[in-house]
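The points below are set out for someone new to it.

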Amino acid sequence: MEVRARAPGKIILAGEHAVVHGSTAVAASIDLYTYVSLRFPTPADDDDTLKLELKDVALEFSWPVGKIKAALPESGRCAASSPTSCLPETIKSIATLVEEYNIPEAKLGIAAGVTAFLWLYTSIHGYKPAKVVVTSELPLGLGLGSSAALCVSVSAALLALSDLVNLDFSQQSWLPFGESELELVNKWAFEGEKIIHGKPSGIDNTGVAREIPSWVRVEVGDAHVAALVSPHNSCVLVDKAKRRALAVIVVGPGNMIKFRSGNLTRIKANMPLKMLITNTKVARNTKALVAGVSERKVRHPNAMTAVFTAVDSISNELATIIQSPASDDLAIIEKEEKLGELMEMNQGLLQCMGVSHASIETVLRTTLKYKLATKLTGAGGGGCVLTLLPASLWASSIDFGMDDLLEGAVVDKVIAELESCGFECLIAGIGGNGTEICLGASS
């Protein structure tokens, strides 16, 4: 029996950094996913190993189940129905299994993810042999929620082949989990996230973690607050200093959230949105960038307060436009133009905050030549950049006129130019589905 699971990434459309200082921010899932396939060997296979293949980084691991049992004698006694935290001494024991493979220095960040995988696997399935394959459309460590998508998709696949989840094995299409099953996925995913990131966003596992597990850690300020989004798009805003939840909201798949000072609002998009996501491949230090904005506010309190107020207005107007109905094609074009202007204004204010980067400015100059609106997403300082793709460039079902048939080549030209600069480009729909499962599919 084989199962596949997938979980989406996320972006911040507007309000990053400023939200730490009381402004509104808007976040959304995207239709770029991390996929996990899980297969148990048959008796005829005569295989007693647990194999993990990370295709995107060309790493493979294989551990005899007896060796895992010797290293982690307590893991097999966990109750999969009651997610538990991995103790520090257990993390050390798992680390010895991972370190045997001498992961290249350039890929050392993967080790934490492998450690989380081993804890999740042994906690849910004990010491069964299996083969697990992970592939992802999300770049690692650049603010698109790759680690959380990994933990969610791993947890979903493991639970799908446990006795705790009832699924229709005759179906081979992508299906959502039921609410109760999804809650269990959330809780296990949160335990994996804690291994990768410590205590994500300052939530301890005896408080909010047991009630509102994490899916996507939308970091809106490493020192103060963070928004957490679950696989079914539940959201919790956290006061990190006081380590408590400020607000919770459930947002259905395909939607977005708006949050400000503990108040979260569901956004239902009434227009299709696609973004070109440019991965600058420049690693960023979120904590240092957030601290830099706070220091700039101390030096220039009046000016920075005006900046944050302007960002708040931009986020709210952006949310209003996305939710407003579009009666015809001209209305869609008008809404896109307004969204583009708001993105450009938000980017200018992010530059005022000091969180841009030479690589981001290169993307801005390139897309500006094609009259496309662009802004950074997340912490800045590198990472990923968003470019709004008007529907005339991709939606063939919308009648924009014969002249616009030539515009389809614009996206290819932009991508080619950005890739010539060493960047990686992805196209994503905004408001992707939540966690889904597919049974009986081949990997």
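1. Tyr 101 is partly exposed, with a relative accessibility of 29%, where buried means under 20% relative accessible area, exposed over 50% and partly exposed in between, for a 1.4 Å probe and protein chains only. The model is predicted, so local features need pLDDT of at least 70 and side-chain atom pairs count only at pLDDT 80 or more, while totals for chains, interfaces and linings use all residues. Residues are numbered from 1 along each chain as its sequence is written, and side-chain values use heavy atoms, with hydrogens and water left out.

2. The structure contains 6 aromatic pairs, a pair being rings of Phe, Tyr and Trp (its six-membered ring) with centres within 6.5 Å, called stacked if the planes are under 30 degrees apart, edge-to-face if over 60 and tilted for the rest. One of them joins Tyr 35 and Trp 174, and this pair is tilted because the planes stand at 55°, with the ring centres 5.9 Å apart. Since Tyr 35 belongs to strand 2 (residues 25-39) and Trp 174 to the loop between helix 4 (146-160) and strand 6 (175-176), the pair ties together parts that are 139 residues apart in sequence. Helices (H or I, at least four residues) and strands (E, at least two) are DSSP runs, numbered from the N terminus.

3. Tyr 35 counts as buried at 13% relative accessibility, whereas Trp 174, with a relative accessible area of 25%, is partly exposed. Trp 63 and Tyr 101 form an edge-to-face pair, 6.0 Å centre to centre and with 75° between the planes. Trp 63 lies in strand 4 (residues 59-64) and Tyr 101 in the loop between helix 2 (88-99) and helix 3 (110-125), so this pair ties together parts 38 residues apart in sequence. Trp 63, at 0% relative accessibility, counts as buried.

4. Ring pairs also link Tyr 33, Tyr 35 and Trp 174 into a cluster. Over the ring of Tyr 33 sits the charged end of Arg 6, 4.5 Å from the ring centre, and the charged end of Lys 128 sits over the ring of Phe 40, 5.0 Å from its centre. Such a placement requires NZ of Lys or CZ of Arg within 6 Å of the ring centre and within 35 degrees of the ring normal.

5. Turning to another site, Ala 116 is placed in helix 3 and counts as buried at 1% relative accessibility. Leaving aside neighbours within four places in sequence, Ala 116 is in contact (heavy atoms within 4.5 Å) with Gly 192, Ile 195 and Ile 196.
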